[in-house]
Amino acid sequence: MDLIDHLDCLIPHLKLLSKNELAEPFFDTMSGGFVWSDEKIKGLEKYEMGCLRAIFRYRTSIIIGEPDQRFEEIWEKLKVGLPEWIGFDPERCSPRSDLIEEYFKVSKIL
């Protein structure tokens with residue numbers, strides 16, 4: 001089963017999130033992407049978590065200017081299904097020099 005098949009189950013969890021202006025990004029090694037502290041969700045099934053990690057990975061690939069085509073379809077489907085998701089905030093899915101620098105610094109360690 002493809003990760004995108006689990007997006008519909010993930011969307012209700014994402015709908016419950018609300019943006020916290022004080023939220024900070026951190027690097028999640030499991031996804032290879034940045035996650036903001038107000039985007040964490042507990043109690044997901046493993047396939048839902050895999051789907052969410054793919055979304056975080058794709059968003060990070062946009063931030064660093066190297067889109068990861070493997071996860072573009074899931075990103076685009078989420079944009080249609082839940083365009084108001086806090087993770088689509090332009091501050092969270094646009095190139096940022098501080099996050100680009102952090103990404104490449106962390107990538108060298110991994």
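Let's start with E73, which sits in helix α3. A quick word on naming: helices are DSSP runs of H or I with at least four residues, strands are runs of E with at least two, and both are numbered from the N terminus. Is E73 buried or exposed? E73 is exposed, at a relative accessible area of 56%. For the cut-offs, buried means under 20% relative accessible area, exposed means over 50%, and partly exposed lies in between, using a 1.4 Å probe and protein chains only. Along the sequence, E73 and I4 are 69 residues apart, yet their C-alpha atoms are 7.9 Å apart in space.

Before going on, please keep in mind that this is a predicted model, where local features need pLDDT of at least 70, side-chain atom pairs count only at pLDDT 80 or more, and totals for chains, interfaces and linings use all residues. Residues are numbered from 1 along each chain as its sequence is written, and side-chain values use heavy atoms, with hydrogens and water left out.

Now to the partner of α3. Helix α3 covers residues 72–81, and its axis comes within 9 Å of the axis of α2, crossing at roughly 100°. Those axes are lines fitted to C-alpha atoms, for helices over the stretch in contact, and the angles run from 0 to 180 degrees between N-to-C directions. The two helices, α2 and α3, are therefore roughly perpendicular to each other. The scale here is that under 35 degrees counts as roughly parallel, over 145 as roughly antiparallel, 65 to 115 as roughly perpendicular, and the rest as oblique. Who makes the contact? On the α2 side we have C51, A54, I55, Y58, R59 and I62, and on the α3 side E72, I74, W75 and L78. Contact, by the way, means heavy atoms within 4.5 Å. Sorted by class, this contact has eight nonpolar, no polar and two charged residues. In that scheme, Ala, Val, Leu, Ile, Met, Phe, Trp, Tyr, Cys and Pro are nonpolar, Asp, Glu, Lys and Arg are charged, and the others, Gly among them, are polar.

Let's stay with α2 for a moment. How many of its 18 residues are buried? The count is 13, so α2 is largely enclosed by the rest of the structure. Its end C-alpha atoms are 26 Å apart, which agrees with the 26 Å that 18 residues should span at 1.5 Å a residue. The expected span is 1.5 Å times one less than the number of residues. Just after α2, G65 takes a positive phi of about 80°.

Next comes α1, residues 7–15, whose axis comes within 9 Å of that of α2, residues 46–63, and crosses it at roughly 75°. That makes α1 roughly perpendicular to α2. From α1, the contact uses L7, C9, L10, H13 and L14, while α2 brings E48, C51, L52 and I55. These residues divide into seven nonpolar, one polar and one charged.

Which residues of α1 are buried? They are L7, L10, I11 and L14. Looking down the axis of α1, these buried residues fall within an arc of 115°, so they line one face of the helix. The arc is taken from the directions from the helix axis to the C-beta atoms. Here is the general idea: an α-helix has 3.6 residues a turn, so residues three or four places apart point the same way. The buried residues of α1 pack against α2 and α3. Also in α1 is P12, which is partly exposed at 46% relative accessible area.

Our last helix is α4, residues 97–109, with 13 residues. From first C-alpha to last, α4 reaches 19 Å, close to the 18 Å expected. Its buried residues are L99, Y103 and V106. Down the axis of α4 they fall within an arc of 75°, so they line one face of the helix. What covers them includes β1 (25–28), β2 (33–36) and α2. Turned away from that buried side are the exposed residues S97, E101 and K108. K108 has 76% relative accessibility.

To finish, a look at a loop. E39 lies between β2 and α2, and E39 is buried, with a relative accessible area of 1%. Leaving out residues up to four places away in sequence, E39 touches L17, F56, R59, W85, I86, G87 and R92.
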